[in-house]
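Trainee: Hi, I'm new to this one. Could you walk me through it?
Mentor: Happy to, let's bring it up.

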There are 2 protein chains.
Amino acid sequence: MRANGTGRRGLMLVLSSPSGAGKTTLSRALLAEEPELTMSVSVTTRPPRPGEVDGRDYRFITDAEFDSLVQSGALLEWARVFGHRYGTPRAPVERALAQGRDVLFDIDWQGTQQLKAAARDDLVSIFILPPSMGELRRRLECRAQDPPDVIAGRMARAAAEISHWPEYDYVLVNDRVEDCLADIRAILKAERLRRPRQPGLVDFVRALAP
Amino acid sequence: MRANGTGRRGLMLVLSSPSGAGKTTLSRALLAEEPELTMSVSVTTRPPRPGEVDGRDYRFITDAEFDSLVQSGALLEWARVFGHRYGTPRAPVERALAQGRDVLFDIDWQGTQQLKAAARDDLVSIFILPPSMGELRRRLECRAQDPPDVIAGRMARAAAEISHWPEYDYVLVNDRVEDCLADIRAILKAERLRRPRQPGLVDFVRALAP
């Protein structure tokens, strides 16, 4: 157990993977199980897909609104993907971390690189690999949300995204969702126990052995 | 799950704590549960305590034998404690790591500092704190192996040992053994998933997205 729950600073947990590697399923399960974990909801200029909920999956905003967020420095990171822009609002992240809550980010390699540059020691990054490209294609086709040319584009982009795995702290293969989820929970549990993430230790030890 | 079990290099897991913080109980439980984990058995010049088994708890050797190990460079680290010497034989550790097995070390801050200097990125260090000094004293008295003056000496030494907690990667409070054990297992699971500890990833990704 940790020495002291109070005074803990939250960590930033990044999950990146090619589309179809199971990241959304993993994120939802993780959020349901981890009360100290909160999701960073990205803003995007792309239109919602079927089933996506504004404010849960993304905040869907206009190009002008996005410009304004960029210009005022309100985004921790942003990137352009397939002609649309995606970004992470800064304020909710800073607030959660200061309250000792961890923040989960579902972002790509571009966003991760920018967060890394900004986030000092708070960032923990995980890359999720599919067990095979055939399995990845199968998962993308099963979603049945996208026309074939979009799936072909996503397969090409998957290879490009995968090429960035060496930039991550941890790399997992999502063969079985339950195993992968257990891996992520172990990483989260361990990272919370790192000495620099337990500022309460100084007082605890001072009281223990004055 | 990891990308590839073969080719993995083992890690060195150091558990340090003041005597009586429960480290021996934790080590034994961990070894029983983790087939990929093997114990580093230290050599020592001190006489066995009741119940200690040569080759399991320590290898009990003479001063002359210890001198010879030091002079031939056969020890990864060694330290003098209470007038006796303790050391870690190098060969079994190197062998286990090369086979992809992790090695558990039950050593103090002096040994940890020396291992750190020698072990590059292979070392993961955990410091176990007792929940209170009263609880520590109670545990030392319950063992009933040592006379009161030895217990007093151990309490003083406990405070000195505790002062080295800031040199460790992780710090745990051993309030309940089951919780502490779950913490250590999470750390071990997470550290095995770190990218640099999975050399098989390079080939896995090459086959995935050539």
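This is a predicted model: local features need pLDDT of at least 70, side-chain atom pairs count only at pLDDT 80 or more; totals for chains, interfaces and linings use all residues.

Trainee: Thanks! What does the C-alpha trace of chain A span along its principal axes?
Mentor: About 65 × 40 × 30 Å.

Trainee: And how many helices and strands are there in chain A?
Mentor: Chain A has eight helices and nine strands. These are DSSP runs numbered from the N terminus, with helices being H or I of at least four residues and strands E of at least two.

Trainee: How much of chain A counts as buried?
Mentor: 35% of its 210 residues. A residue is buried if 20 or more other C-beta atoms lie within 10 Å of its own, exposed if 12 or fewer, and partly exposed in between, with C-beta atoms placed from the backbone.

Trainee: Which residues of helix H4 in chain A are buried?
Mentor: In H4(A), residues 109-119, the buried ones are A:Trp109, A:Gly111, A:Thr112, A:Leu115 and A:Ala119. They cover an arc of only 150° around the axis, which puts them on the same side of H4(A). The arc is that of the directions from the helix axis to the C-beta atoms.

Trainee: What covers them?
Mentor: The cover includes strands S1 (12-16), S5 (75-81), S6 (84-89), S7 (102-106) and S8 (123-129), along with helix H6, of chain A.

Trainee: Where does H6 of chain A meet H5?
Mentor: The axes of H5(A), residues 133-143, and H6(A), residues 148-162, come within 11 Å and cross at roughly 145°. Axes here are lines fitted to C-alpha atoms, for helices over the stretch in contact, and angles run from 0 to 180 degrees between N-to-C directions. On the H5(A) side the contact uses A:Leu136, A:Arg137, A:Leu140 and A:Glu141, and on the H6(A) side A:Ile151, A:Arg154, A:Met155 and A:Ala158. Two residues are in contact if their C-beta atoms, placed from the backbone, lie within 7 Å.

Trainee: What kinds of residues are those?
Mentor: Five are nonpolar, none polar and three charged. Ala, Val, Leu, Ile, Met, Phe, Trp, Tyr, Cys and Pro count as nonpolar, Asp, Glu, Lys and Arg as charged, and the others, Gly among them, as polar.

Trainee: What about H5 and H6 in chain B?
Mentor: H5(B) and H6(B) pack at an angle of about 145°, with their axes 11 Å apart. Their contact has five nonpolar, no polar and three charged residues.

Trainee: Now the two chains together. How many residues are in contact?
Mentor: 31 residues of chain A are in contact with 31 of chain B. On the chain A side, H6, strand S9 (170-173), helix H7 (177-192) and helix H8 (201-208) each supply at least two residues. H7(A) gives the largest share, seven residues. By class, that side has 22 nonpolar, two polar and seven charged residues.

Trainee: Switching topic, is B:Ile128 buried or exposed?
Mentor: B:Ile128 is buried, with 22 other C-beta atoms within 10 Å. This residue lies in strand S8 (residues 123-129) of chain B. Leaving aside neighbours within four places in sequence, its contacts include B:Leu15, B:Leu26, B:Leu172 and B:Cys180.

Trainee: And A:Phe82, where is that?
Mentor: A:Phe82 is in the loop between S5 and S6 of chain A. With 10 other C-beta atoms within 10 Å, A:Phe82 is exposed. Its phi is near 55°, a positive value in a residue other than glycine.

Trainee: Last one: where is A:Pro47?
Mentor: A:Pro47 sits in the loop between strand S3 (43-44) and strand S4 (59-60) of chain A. A:Pro47 counts as exposed, with 8 C-beta neighbours inside 10 Å. Its C-alpha atom is separated by 9.9 Å from that of A:Tyr58, eleven residues apart along the chain.

Note on methods
Residues are numbered from 1 along each chain as its sequence is written. Chains are lettered from A and ligands numbered from 1 in the order in which they are written.
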